[in-house]
Amino acid sequence: MKRRQYKVAGHVFGVETADGIDLPMNNYQPLDAEDAPSLFVLTIHENALPTLPDGCTEERRQEEEGQSITSYSTGDGRYAFRFELQQMAAILVTDSDYKRGWLTAEKQSLTWAVDNSLMLLYALASAPHSTLLFHSSVVVNEGRAYLFLGVSGTGKSTHTSLWMRHIDGCTLLNDDNPVVRVDDQGTAIAYGSPWSGKTPCYKNLSFPVGAIVKLHQYPSNRIKPLSKLHGYIAIAESVSGKTWDKAIAEGQHQTKEAIVKNTEVYYLDCLPDRDAALLCRETVSR
């Protein structure tokens, strides 16, 4: 087995590949890590026909953008996940605390399956450690990170591109799956990650969160702060996790509460235009 290690938001994780598997990991290279204790380890095997372990019971099925993830309990204390997208499929089996994972996938599906497995394992294994994996686009301006939330198709990437086009000094930190970790002082820190959707943006950088903004397409531009309760709900809708697992849910709940305690969350009705970006920037940077 060949093993490589990567570090995201202070958490090191390992990737083991069977002999003969040549897996490109270009999006992970900026986050290379030296040998250190791992939050989790994923072992990758190719298999012509990925199959579930015997005795699996389906727990939950989720679908988004044509991709489905079905969760199972195996009956012996482990868990299994089946990923499906068009003609591709893969099976991830984990131990009870998500510290070990074993992936089987066909060769043509391997890169896609590895990214999905690592994102899932990262979200689950990091949940007790004040860490959340967001579905968000995040831009940096004047040393602070601004996260934009919303369902797929809302215009998160469009809005961050408007900031970069019309506001001096803006850079993209991540366009799909940034990580937020709350430090010992209660400050929410946004981190780059190896997972950035359709926009290649894999940065080993971090910045304190300036604000979080939930976007909504609308015929005009207007913005308002959300209450702590509604801010919590906006965050919860944008975080990856296994909400029916009590330990995962409790860890994520504490982190969401810590974020809304010290971070402003806003609701932005907006058009995809320059004025929306300027209004948002003026409001959230106060």
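User: Which residues of the largest nonpolar core touch the most other members?
Analyst: They are Phe-13, Phe-81 and Leu-118, in a core of 44 residues. A nonpolar core is a set of buried Ala, Val, Leu, Ile, Met, Phe, Trp, Tyr and Cys residues joined through side-chain atoms within 4.5 Å. Buried means under 20% relative accessible area, exposed means over 50%, and partly exposed lies in between (1.4 Å probe, protein chains only). Please note that this is a predicted model, in which local features need pLDDT of at least 70 and side-chain atom pairs count only at pLDDT 80 or more, while totals for chains, interfaces and linings use all residues. Residues are numbered from 1 along each chain as its sequence is written, and side-chain values use heavy atoms, with hydrogens and water left out.

User: What does Leu-118 contact?
Analyst: Leaving aside neighbours within four places in sequence, Leu-118 is in contact with Phe-13, Val-15, Met-25, Tyr-28, Phe-40, Leu-42 and Trp-195. Contact means heavy atoms within 4.5 Å.

User: What is in the second, separate core?
Analyst: That core has 21 residues, including Leu-147, Val-182, Ile-212 and Val-260. As a general point, nonpolar side chains in soluble globular proteins tend to be buried together.

User: Now helix H3. Which of its residues are buried?
Analyst: In H3 (residues 228-236), Gly-231, Ala-234 and Ile-235 are buried. They lie on the same side of H3, because they cover an arc of only 100° around the axis. The arc is that of the directions from the helix axis to the C-beta atoms.

User: What covers those buried residues of H3?
Analyst: The cover includes strand S9 (131-133), strand S11 (144-149), strand S15 (206-217), helix H4 (246-262) and strand S17 (265-270).

User: And Ala-236, is that buried or partly exposed?
Analyst: Ala-236, also placed in helix H3, counts as partly exposed because its relative accessibility is 29%. From C-alpha to C-alpha, Ala-236 and Leu-271 are 24 Å apart in space and 35 residues apart in sequence.

User: What is the phi of Ala-9 near?
Analyst: It is near 55°, a positive value in a residue other than glycine. Most residues other than glycine have a negative phi. Ser-130 also has a positive phi, near 55°. Ser-130 is in the loop between H1 and S9 and is partly exposed, with a relative accessible area of 32%.

User: How much space lies in the second largest pocket?
Analyst: About 150 Å³. On a 1 Å grid over the protein atoms alone, a pocket is an open set of points with protein on both sides within 12 Å along at least five of seven lines, whereas a cavity is a set of points where a 1.4 Å probe fits but cannot get out; lining residues have an atom within 4 Å of a point. Grid points are joined across faces, edges and corners, and a volume is the space filled by probe spheres set on the points.

User: Which residues line that pocket?
Analyst: The lining of the second largest pocket includes Leu-39, Ser-96, Asp-97, Tyr-98 and Lys-99. H1 and H4 each supply at least two residues of this lining.

User: How many cavities of 30 Å³ or more are there?
Analyst: The count comes to one cavity. About 40 Å³ of space lies in the largest cavity, and its lining residues are Leu-23, Pro-24, Met-25, Asn-27, Tyr-28, Thr-111, Val-114 and Asp-115.

Conventions. Helix = DSSP H or I, 4+ residues; strand = E, 2+ residues; numbered from the N terminus.
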